[in-house]
Amino acid sequence: MTASTTGGLGPVLTALLSLLALLPPPAAALDTGRIFVSSERDHSVTVLDGKTLAKLTVVKTGNRARHLRFSADRRLLYVAAGDSNRIDVIDVASLKVVDRLQVGPDPEVFDLSPDGKMMYVGNEDDAALTFFDMAGRKRVVSVKVGAEPEGVLAHPNGKLVYVTSEVAHMVHVIDVTTRKVVANVLVGNRPRRLALTPDLKELWVTSELGGVASIIDPASNTVIGEVRFEPKGFRADDITPVGITMTRDGKRAYVALGRANHVAVVSVPDRKVTGYTLVGKRPWNVALTRDEKTLYVCNGLSDDVSVVDTATLKVSRSIPVGRVPYMAVIDD
C-alpha cells in the first residue's frame, strides 16, 4: 500500500506502525515451573526450582502467610497475610513484594472473579466475605456469612461465590450481582475447602471434623452424596480432610487428610476412595502439576512438602520448607 493509493495516509500509517513497535508486548505467563510454598510461622513464601526442587529464595511477606493465588496471566502471586490483615502481591519475575492490598481483618482464603476485576476474601474475624475492587484498590462491600469463613470459591460463570463457614457447618451461596446470600447448604462438621467438577455439575466440600467430602448439586443447592475417609489405623477424630484438588478430566480427586498423615485418592464418578498415600505430618493442602504427573503436599507439622508420583501414588521425595507450610502453587 502506497501514499498514492491511500489518499495521503502513508505517513500516518508509518507513524502509527512506529508507535506500535514501541509498545510493550502483551502480558504472558512466565511458565517458570517454580513452586511457591507459603509458611505460616516464617511469614514468607519459599520458592523452589521446578526441575531440581532446590530452594531458590525465600520471599518475606506479612505475618502468617497462607492462601496463594496467581493472577489470570500468572505474572503476579497474591498471598494472604492473615495476621497483617492484608494480601501481599509478589511479582513472579522479580520475586519481590510489589504491592499490599488492605482487604480487612484476618484474611485466610480468597478467590478472584473470572474476569480478575474482583477479589473475594473470607475475613474470619468479621464473619464476612469482602468484595475487593482490584482496579480501585478498595473494599466495596462485606457480605455477612457464618462464623469463621474458611473456604472461598468463585464460580466460573461469574455469577456466584461459595463460602464455607466452619462454625455454622454450612456452605453459603452468594449472588455476585445482588451481593446477598441466596442459599445456605448444611454439610459435614467444620467445612473447609471447595472444588467444582470440570463439568460444573458437582461441588465437593471437605469437612475437617466430619471426616467426609460432601457433594452438592449446584443447580438445586442440595447435598446429593458424600465420600467418607477411613484410612486404617486412625481414629475418626484424627481424620481431618482439608485441601482438595481434581484432575482436569474430573475422574480423580486428591484430598489431604490432616492429622491422619495421608492423602486420599478418590474416583470422582464413583464417589469412592481408591487408595491412601502416606505423606508427612498433617497434610493441609495439595497441588497438581499441569501435566498431572506430580502432586505436591504441604505438611504443616513436619515442615516439608511431599512429592507424590501420581502414577505409582508413592512419595518420591520430601523437601524441607518454612515452618508450618500451608499451601503450594506451581507456575507451569
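**Exercise 1.** Find which residues glutamate 108 is in contact with, leaving aside its neighbours within four places in sequence.

*Solution.* Take contact as heavy atoms within 4.5 Å. Glutamate 108 then touches Arg66, His67, Ala80, Gly122, Glu124, Glu150, Arg192, Arg193 and Tyr326. Finally, glutamate 108 counts as buried because its relative accessibility is 3%; buried means under 20% relative accessible area, with a 1.4 Å probe and protein chains only.

Before going on, note that this is a predicted model, where local features need pLDDT of at least 70, side-chain atom pairs count only at pLDDT 80 or more, and totals for chains, interfaces and linings use all residues. Residues are numbered from 1 along each chain as its sequence is written, and side-chain values use heavy atoms, leaving out hydrogens and water.

**Exercise 2.** Work out how strand 24 and strand 25 pair.

*Solution.* Two strands pair if DSSP finds at least two bridges between them. Strand 24 and strand 25 (residues 294–299) have five, in the antiparallel sense. One of the partners to look up is cysteine 298 in strand 25, which bridges to asparagine 285. Now look at the hairpin: five residues sit between the strands, and glutamate 292 takes a positive phi near 65 degrees.

**Exercise 3.** Decide why strand 24 is largely enclosed by the rest of the structure.

*Solution.* Check the residues of strand 24 (residues 283–288): six of the six are buried, so the strand is largely enclosed.

Notes
Buried means under 20% relative accessible area, exposed over 50%, partly exposed in between (1.4 Å probe, protein chains only). Helices (H or I, at least four residues) and strands (E, at least two) are DSSP runs, numbered from the N terminus.
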